Amino acid sequence: GIGLVSNNEKKRIKLSRLNLQAATKAMNVSAYGSGAIYIKTGIYLLSARHWTTQKSLSLALYTTGAKIEYCNGNLDKMQNYLDEIFEQNLPIKEKAEAQSTHIVSLIFLQDNCNDACIVTLDVLGQLGVHIPRNPSKLTIISSFLKTKLMLKRFDTNKLCDLPVIVDKTKLIPMQLLSQMQV
């Protein structure tokens with residue numbers, strides 16, 4: 001199959017997308033070994049300038065590759081995919097999913113919650129959410145009381161009726177913070 005499309009850029013990109021789709025489906029049914037092969041093939045099909053010409057596809061392939069290798073427990077391969085993403089000059093919002101995989105791997109594969117917290121706080125800071133690393137008791141109590149006062153405005157029974165967050169600038173930090181509830 002690959003030899004038939006080696007000189008046709010459009011066909012290589014299409015085949016690369018198909019490999020990404022196959023890898024995603026494989027990951028969804030826990031067929032991580034197959035998914036890893038599809039990702040490797042999809043990346044092989046990309047052009048040398050893929051981060052410039054096919055940024056979205058490249059990001060999806062490398063992010064999915066990192067997730068699959070995380071699920072396989074292949075820390076080195078996962079880190080290689082993540083490093084490739086982190087080396088790119090991409091906005092933090094585009095790297096957030098890769099950062100999420102990195103954080104989860106620090107917690108579950110490396111048993112390193114301290115570094116996971118540091119990375120999470122760094123990423124949150126890049127997203128404009130600033131949480132002090134070593135808050136004083138006064139800061140904690142003050143923030144708690146502020147939150148409690150804000151929540152008094154809402155009927156707790158109606159909190160579920162509030163609209164779902166769709167703004168990625170708010171959603172990404174919430175997702176990152178929810179990972180730290182381990």
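The model is predicted, so read it with its limits: local features need pLDDT of at least 70, side-chain atom pairs count only at pLDDT 80 or more, and totals for chains, interfaces and linings use all residues. Residues are numbered from 1 along each chain as its sequence is written, and side-chain values use heavy atoms, with hydrogens and water left out.

**Stop 1: the main core**

Select Ile39, Leu61 and Ile85. Within the largest nonpolar core, which has 23 residues, these three touch the most other members. A nonpolar core here is a set of buried Ala, Val, Leu, Ile, Met, Phe, Trp, Tyr and Cys residues joined through side-chain atoms within 4.5 Å. Buried means under 20% relative accessible area, exposed means over 50%, and partly exposed is in between (1.4 Å probe, protein chains only).

Now colour helices H2 (9–28), H3 (32–44), H5 (55–72), H6 (75–86) and H7 (92–108); each of them supplies at least two residues of this core. The largest share, seven residues, comes from H5. Helices are DSSP runs (H or I, at least four residues), numbered from the N terminus.

Apart from this core lies another, of twelve residues, including Ile103, Leu106, Val119 and Leu127. In soluble globular proteins, nonpolar side chains tend to be buried together.

Go back to Ile85 and show its surroundings. Leaving out residues up to four places away in sequence, Ile85 touches Trp51, Leu59, Tyr62, Thr63, Leu90, Lys95 and Ala98. Contact means heavy atoms within 4.5 Å.

**Stop 2: the aromatic cluster**

Select Trp51, Tyr62 and Tyr81, which form one aromatic cluster. The structure holds two aromatic pairs. Rings of Phe, Tyr and Trp (its six-membered ring) pair if their centres lie within 6.5 Å; planes under 30 degrees apart count as stacked, over 60 as edge-to-face and the rest as tilted.

Begin with Trp51 and Tyr62: their ring centres are 5.4 Å apart and their planes are at 35 degrees, so the pair is tilted. Trp51 is in helix H4 (residues 50–53) and Tyr62 in helix H5, eleven residues apart, and the pair links distant parts of the chain.

Then move to Tyr62 and Tyr81, an edge-to-face pair with 5.7 Å centre to centre and 75 degrees between the planes. Tyr62 lies in helix H5 and Tyr81 in helix H6, so this pair ties together parts that are 19 residues apart in sequence. Both tyrosines, Tyr62 and Tyr81, are buried, and Trp51 is buried as well.

**Stop 3: Gln88**

Select Gln88, in the loop between H6 and H7. Gln88 is buried, with a relative accessible area of 18%. Not counting residues up to four places away in sequence, Gln88 touches Trp51 and Lys95.

**Stop 4: salt bridges**

A search of the whole structure finds four salt bridges. The term covers a side-chain nitrogen of Lys or Arg within 4 Å of a carboxyl oxygen of Asp or Glu.

Select Lys55 and Glu94, whose side chains meet in a salt bridge (3.3 Å, N to O). Lys55 lies in helix H5 and Glu94 in helix H7, so the pair ties together parts that are 39 residues apart in sequence. Lys55 is partly exposed at 33% relative accessible area, and Glu94 is partly exposed at 28%.

Next select Asp122 and Arg133; the closest N and O atoms of this salt bridge are 2.2 Å apart. Asp122 lies in helix H8 and Arg133 in the loop between H8 and H9, so the pair ties together parts that are eleven residues apart in sequence. Asp122 has a relative accessible area of 34% and is partly exposed; Arg133, at 47%, also counts as partly exposed.

Then select Lys170 and Asp167, a salt bridge with its closest N and O atoms 3.4 Å apart. Lys170 is exposed at 52% relative accessible area, whereas Asp167 is partly exposed at 33%.

**Stop 5: a nonpolar surface patch**

Show the surface and select Ile131, Ile165, Met174 and Leu177. Together they form a nonpolar patch with about 320 Å² of accessible area. Patches are made of residues with over 30% relative accessible area and no salt bridge: like charges are joined within 9 Å, nonpolar side chains (Val, Leu, Ile, Met, Phe, Trp, Tyr) within 5 Å. Accessible areas come from the Shrake-Rupley method with a 1.4 Å probe, and for residues only the protein chains shown count as cover.

Zoom in on Ile131, in the loop between helix H8 (113–126) and helix H9 (137–152). Ile131 counts as partly exposed, at 39% relative accessibility.
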